[in-house]
Amino acid sequence: MCTVRRAVPADTADCVAIVRGLPEYFTEDVPDKIAAELREHPAWVAEEGTGLAGFAIVDRRSAHAAEIRWLAVAGPRRGNGVGTRLLDHLVRELAADGLLVLEVKTLDARAGYQPYVATRAFWERNGFVQVDTIDPFPDWPPGNPAAIYIAALGTTR
């Protein structure tokens, strides 16, 4: 059974371990970024059994807009609905708090990197629409075009 809750400081090591276990998705500098952002932004974790199966970190940009900075599911638990359950939970919480638009950035298809085919499919299955590609994207390594996805959680006009 997978349950989702708000992250606490004691979850940091497990979140970092999830990222370290996914080297095909995250560069070497990401574990330190995750640790820092868990202290700065709202975050949620998905628990299964005795450990964490995944996590998400959100940067609330304004009263009505936010960005999912990170969402990761541990390798052995990918493809079993953990990411969707985590996303659904945080979307419900954010929508109840007035959020109308949610953004996420991921590696664009133009990069030709196979592991991210499933990542883009996940976002699209969950109602996110790609609205732009930015290349080069600031603070991303060269050759990594950013696909910008958004989802509307409420009416904006």
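A: The account below begins with the pocket, passes to the salt bridges, and ends with a surface patch and a loop. The model is predicted, so that local features need pLDDT of at least 70 and side-chain atom pairs count only at pLDDT 80 or more, whereas totals for chains, interfaces and linings use all residues. Residues are numbered from 1 along each chain as its sequence is written, and side-chain values use heavy atoms, with hydrogens and water left out.

The largest pocket has a volume of about 1,100 Å³. A pocket here is an open set of points on a 1 Å grid over the protein atoms alone, where a 1.4 Å probe fits, with protein on both sides within 12 Å along at least five of seven lines; lining residues have an atom within 4 Å of a point. The volume is the space filled by probe spheres set on the points, which are joined across faces, edges and corners. Its lining comprises 41 residues, and Y25, F26, K105, T106 and Y116 lie nearest the centre. Two or more lining residues come from each of α2 (30-40), β4 (65-73), α3 (82-96), β5 (101-107) and α4 (115-125). Helices (H or I, at least four residues) and strands (E, at least two) are DSSP runs, numbered from the N terminus. The element that gives the most is β4, with seven residues. By type, the lining divides into 21 nonpolar, nine polar and 11 charged residues. In this division, Ala, Val, Leu, Ile, Met, Phe, Trp, Tyr, Cys and Pro count as nonpolar, Asp, Glu, Lys and Arg as charged, and the others, Gly among them, as polar.

K105, one of the residues nearest the pocket centre, forms a salt bridge with E67, the closest N and O atoms being 3.0 Å apart. A salt bridge is a side-chain nitrogen of Lys or Arg within 4 Å of a carboxyl oxygen of Asp or Glu. This pair links distant parts of the chain, with K105 in strand β5 and E67 in strand β4, 38 residues apart. Both K105 and E67 are buried (buried means under 20% relative accessible area, exposed over 50%, partly exposed in between, with a 1.4 Å probe and protein chains only). K105 and E67 also belong to a network of salt bridges that includes E37, D59, R61, R69 and E103.

By this rule the count comes to 13 salt bridges. Among them, R5 pairs with E47, with closest N and O atoms 3.2 Å apart. R5 lies in strand β1 (residues 2-6) and E47 in strand β2 (residues 43-48), so the pair ties together parts 42 residues apart in sequence. R5 is partly exposed at 25% relative accessible area, and E47 is partly exposed at 27%. E93 forms a salt bridge with R6, the closest N and O atoms being 3.0 Å apart. Because E93 lies in helix α3 and R6 in strand β1, this pair ties together parts 87 residues apart in sequence.

In the loop between β6 (129-134) and β7 lies P136, and the peptide bond from D135 to P136 is cis, with omega near 5°. D139 is found in the loop between β6 and β7; its phi is near 70°, a positive value in a residue other than glycine. Most residues other than glycine have a negative phi, and most peptide bonds are trans. D139 is exposed, with a relative accessible area of 75%.
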